[in-house]
Amino acid sequence: METAAEENTEQSQEKKVITRPEMEIGRYQWMYRNSRLHQYHHVPALRGNVGPLGNHQGCFECCIKCLGGVPYASLVATILCFSGVALFCGCGHVALAGTITILEDRFSRNATDHALLSEVIKLMQYVIYGIASFFFLYGIILLAEGFYTTSAVKELHGEFKTTICGRCISGMFVFLTYILGIAWLGVFGFSAVPVFMFYNIWSTCEVIRSLPANMTASADQICVDIRQYGIIPWNAVPGRACGSALAEMCNTPEFYLSYHLFIVACAGAGATVIALIHFLMILSSNWAYLKDASKMQAYQDIKAKEEQELQDIQSRSKEQLNSYT
């Protein structure tokens with residue numbers, strides 16, 4: 001039995017191995033026997049990443065791979081967040097300074113009457129500096145997290161692996177972004193208050209401008225009392241502006257600039273809220289994907305382990321069978 005097995009092994013080794021190109025040539029000759037046989041020459045294989053067009057194919061594939069790892073949703077949300085925070089902080093800072101100038105010149109000439117308001121406005125300006133710095137750093141962190149998650153789930157830089165720590169960090173970003181989104185909703189509502197106040201003053205000035213020239217007595221009876229908004233005390237002098245003094249205040253560059261800057265700051269706060277909602281959707285999606293991918297990874301690890309054990313059992317069985325025979 002051993003001699004017959006050895007002869008069969010030697011005969012199988014002496015057989016010529018027919019490759020796929022030779023099979024294709026034989027099929028072609030069988031189909032076109034009367035035609036002239038073509039001469040087939042060996043074409044050397046291309047080495048490295050060099051394609052038919054040279055190195056351009058490798059560079060193109062590298063660029064496509066890099067572009068595939070860009071988190072475009074996170075990039076758009078980051079640009080929107082930076083734009084909204086920049087508009088809110090820059091315009092709000094200048095508008096608050098203009099508001100102090102208007103109060104001191106038109107409504108409260110005594111510094112002690114609006115001392116508390118001045119301190120609050122200065123504090124808000126310092127808070128604006130902190131908000132700008134914090135969101136600049138936070139936006140970069142969220143963008144980096146988007147790059148990491150996108151590259152990981154697409155396996156652009158090796159085999160995909162996720163850990164409990166990485167999923168916890170993603171969940172922490174989801175919670176923090178949710179809290180910041182609620183806070184910015186409050187900031188957006190608060191930034192609408194000065195817009196409402198300046199709009200009322202602007203509307204009153206428009207009423208004075210629309211009056212005929214011979215009704216100056218009626219124009220002097222139209223007033224704006226800033227004390228009713230609670231930003232200065234009731235004993236502040238003069239506390240209100242009427243008639244021509246009100247119309248003159250509306251024509252000043254401080255009022256015009258502050259009014260429009262408050263509108264832009266409110267729009268910037270709204271853009272920041274939209275950006276945070278966008279970030280929240282992205283982070284929630286990434287966290288859910290990482291969670292599902294980790295389960296799939298665990299399943300694949302168990303499956304690979306079982307297949308390896310099965311192969312080991314089969315190889316041991318073959319070895320025992322060969323030793324027995």
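In this predicted model, helix α4 (residues 72–107) and helix α8 (residues 243–250) have axes that come within 12 Å and cross at roughly 160°. Angles over 145 degrees count as roughly antiparallel, and α4 and α8 are therefore roughly antiparallel to each other. The largest pocket, with a volume of about 680 Å³, is the second topic of this briefing.

**Packing of α4 with α8**

- The crossing in which α4 passes α8 is right-handed.
- On the α4 side, the contact is made by Ile102, Arg106 and Phe107.
- On the α8 side, Ala245, Glu248 and Met249 make the contact.
- Sorted by class, the contact of α4 with α8 comprises four nonpolar and two charged residues, with no polar residues.

**The largest pocket**

- The volume of the largest pocket is about 680 Å³, and 31 residues line this pocket.
- Among these lining residues, Leu96, Met124, Phe190, Pro194 and Phe262 are the closest to the centre of the pocket.
- Two or more lining residues are given by each of the elements α4, α5 (115–153), α6 (164–210) and α9 (253–324).
- Helix α5 provides the largest share of the lining, nine residues.
- By class, 28 residues of the lining are nonpolar and three are polar, while no charged residues are present.

Technical notes: Residues numbered from 1 in each chain as written. Predicted model: local features only at pLDDT ≥ 70, side-chain atom pairs only at ≥ 80, totals over all residues. Heavy atoms only, no water. Axes fitted to C-alpha atoms, helices over the stretch in contact; angles between N-to-C directions. Helix = DSSP H or I, 4+ residues; strand = E, 2+ residues; numbered from the N terminus. Parallel < 35°, antiparallel > 145°, perpendicular 65-115°, else oblique. Left-handed = near helix turned anticlockwise from the far one by under 90°. Contact = heavy atoms within 4.5 Å. Nonpolar A, V, L, I, M, F, W, Y, C, P; charged D, E, K, R; others polar. 1 Å grid on protein atoms, 1.4 Å probe; cavity = no way out; pocket = protein on both sides within 12 Å on 5 of 7 lines; lining within 4 Å. Points joined across faces, edges and corners; volume = space filled by probe spheres on them.
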